[in-house]
Amino acid sequence: MTTASLDQVYAALGSGEWEQARLEGARLLAENPSVAAVHHAVGLSLCAEDRLQQALPHLERACDLDPATVRWSRDVGVVYGGLHRWPESADKLTPIVQWLDEQALMVCLIAAVESHRTADVLARLEALPDWRPPSDIEARCAY
């Protein structure tokens, strides 16, 4: 697989060509099924069409192949939240709470409430030296 091929997948994502991104991604995965970035890109294309259940295996596979990439764990946690799989969402998002954007933080907080883990998430947040409650009103309400 070449970088140019992966760039084509991301270019299709960037222009909203979800089907094209999936087709090119499928071609690349047929060549090498162990490329985390391609699984992630295919998952994102499915998320863009609100096909969360279908996106999840690709996003999970990206995390399995490259667990150090926080963004991919974030995306899996948010998709779990979108599917109301709150304990799994909390499992994915709580360990990386310090790196979450406001949207993901809101999902994490809701997941914490729904899975009865609020104390753990709040303790992690409030231990951060520069922690401030979110500015987004929905995220602030979740907090």
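This report describes the helices, the nonpolar cores and several individual residues of one predicted model.

The model is a prediction in which local features need pLDDT of at least 70 and side-chain atom pairs count only at pLDDT 80 or more, while totals for chains, interfaces and linings use all residues. Residues are numbered from 1 along each chain as its sequence is written, and side-chain values use heavy atoms, with hydrogens and water left out.

**Nonpolar cores**

A nonpolar core is here a set of buried Ala, Val, Leu, Ile, Met, Phe, Trp, Tyr and Cys residues joined through side-chain atoms within 4.5 Å, and buried means under 20% relative accessible area, with exposed set at over 50% and partly exposed in between (1.4 Å probe, protein chains only). The largest such core has 24 residues, and V38, W72 and V76 are those with the most contacts inside it. At least two residues of this core come from each of helix 1 (3-14), helix 2 (18-31), helix 3 (36-48), helix 4 (52-65) and helix 5 (70-82), where helices are DSSP runs (H or I, at least four residues) numbered from the N terminus. In soluble globular proteins, nonpolar side chains tend to be buried together.

**Helices 3 and 5**

Helix 3 is mostly covered, with 10 of its 13 residues buried, among them V38, H39, H40 and L46. Helix 5 is likewise described as mostly covered, with 10 of its 13 residues buried, and the buried residues include W72, R74, D75, V76 and Y80. These buried residues of helix 5 pack against helix 3, helix 4, helix 6 (86-93) and helix 7.

H40 has its place in helix 3 and counts as buried because its relative accessibility is 4%. A polar contact, meaning a pair of N or O atoms within 3.5 Å of which, within protein, one must be able to donate a hydrogen and the other to accept it (residues adjacent in sequence count only if both atoms are side-chain atoms), joins the side chains of H40 and W72 at 3.2 Å. With contact taken as heavy atoms within 4.5 Å, and neighbours within four places in sequence left aside, H40 is in contact with Y10, H58, L59, A62, W72 and D75. W72, not counting residues up to four places away in sequence, touches A36, A37, H40, A62, C63 and D66.

**Helices 7 and 8**

The axes of helix 7 and helix 8 come within 7 Å and cross at roughly 145 degrees, axes being lines fitted to C-alpha atoms, for helices over the stretch in contact, with angles from 0 to 180 degrees between N-to-C directions. Helix 7 contributes L105, C108, L109, A112 and V113 to the contact, and helix 8 contributes T118, V121, L122 and L125.

The loop between helix 7 (102-114) and helix 8 (118-126) holds S115. A polar atom of the S115 side chain lies 2.6 Å from the backbone oxygen of A111.

**Three further residues**

| Residue | Relative accessibility | Class |
|---|---|---|
| S115 | 13% | buried |
| Q103 | 46% | partly exposed |
| L52 | 17% | buried |

Leaving aside neighbours within four places in sequence, S115 is in contact with W86, P87 and A90. Q103, which lies in helix 7, is in contact with R74 and V78 when neighbours within four places in sequence are left aside, while its C-alpha atom is separated by 24 Å from that of V38, 65 residues apart along the chain. L52 lies in helix 4, and the C-alpha atoms of L52 and V76, 24 residues apart along the chain, are separated by 9.8 Å. Beyond its neighbours within four places in sequence, L52 is in contact with C47, V79, G82 and L83.
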